[in-house]
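Colleague: I have a model open and would like to talk through its inside with you. Could you take me through it slowly?

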Amino acid sequence: MKVVFCHGLEGSPQGRKAQALRTAGLDLLAPEFTGMNLAARVATLLPELAAHDGCVLVGSSYGGLTALCGAILHARAGGHVHGLVLCAPALIVHEPPADALDLAPPCPTIAIHGRHDELIPVAAVEAWAAAHPRVRLEVVDDAHVLAHSLDRIVAATRELLAG
């Protein structure tokens, strides 16, 4: 099963998280989103989700919000995402299309968020996770970039691939 990775604003398809997923032997597709706003990222992601229906979608920060919006819109179009791994998702960003969506994940979701995240307050992700029963939140002893949680991100991705 394909893993699709959505990088954050400061990330890239060759960044630390994408490399960790590749090194783990996962079949990874990582679209290039550099310089795009959320609407453009989601528009770029949707054809990839259609081409790899049933994938596990992993997103980091702004890419986490991209992944969540993409999964919701893909499901509305009749598609299926097998699972979501959201790494420090930027749920506090309110711009199209996120501002017009109920951000309820359409599939099993594992959110991994750093207790010491300096950009996205852990309380925002805790409140979102509490409101959505398909979300399992793991608060880790890490900062926003989750540099010390790469093994956990790989393990969560593998868990959803196996589920």
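Colleague: Which residues touch the most other members in the largest nonpolar core?

Modeller: This is a predicted model, where local features need pLDDT of at least 70 and side-chain atom pairs count only at pLDDT 80 or more, while totals for chains, interfaces and linings use all residues. Residues are numbered from 1 along each chain as its sequence is written, and side-chain values use heavy atoms, without hydrogens and water. A nonpolar core is a set of buried (under 20% relative accessible area, 1.4 Å probe, protein chains only) Ala, Val, Leu, Ile, Met, Phe, Trp, Tyr and Cys residues joined through side-chain atoms within 4.5 Å. The largest one has 31 residues, and Leu57, Leu68, Cys69, Leu84, Leu103 and Trp128 touch the most other members.

Colleague: Which helices and strands each supply at least two residues of this core?

Modeller: Taking helices (H or I, at least four residues) and strands (E, at least two) as DSSP runs numbered from the N terminus, they are strand E1 (3-6), helix H2 (38-51), helix H3 (62-76), strand E4 (83-87) and helix H4 (122-131). The largest share, 7 residues, comes from H3.

Colleague: And what does Leu103 touch?

Modeller: Leaving out residues up to four places away in sequence, Leu103 has contacts (heavy atoms within 4.5 Å) that include Leu65, Leu68, Cys69, Ile72 and Trp128.

Colleague: New topic: how many disulfides does the structure hold?

Modeller: It holds 0 disulfides, meaning pairs of cysteine sulfur atoms within 2.5 Å.

Key: Buried < 20%, exposed > 50% of the residue type's maximum accessible area, 1.4 Å probe, protein only.
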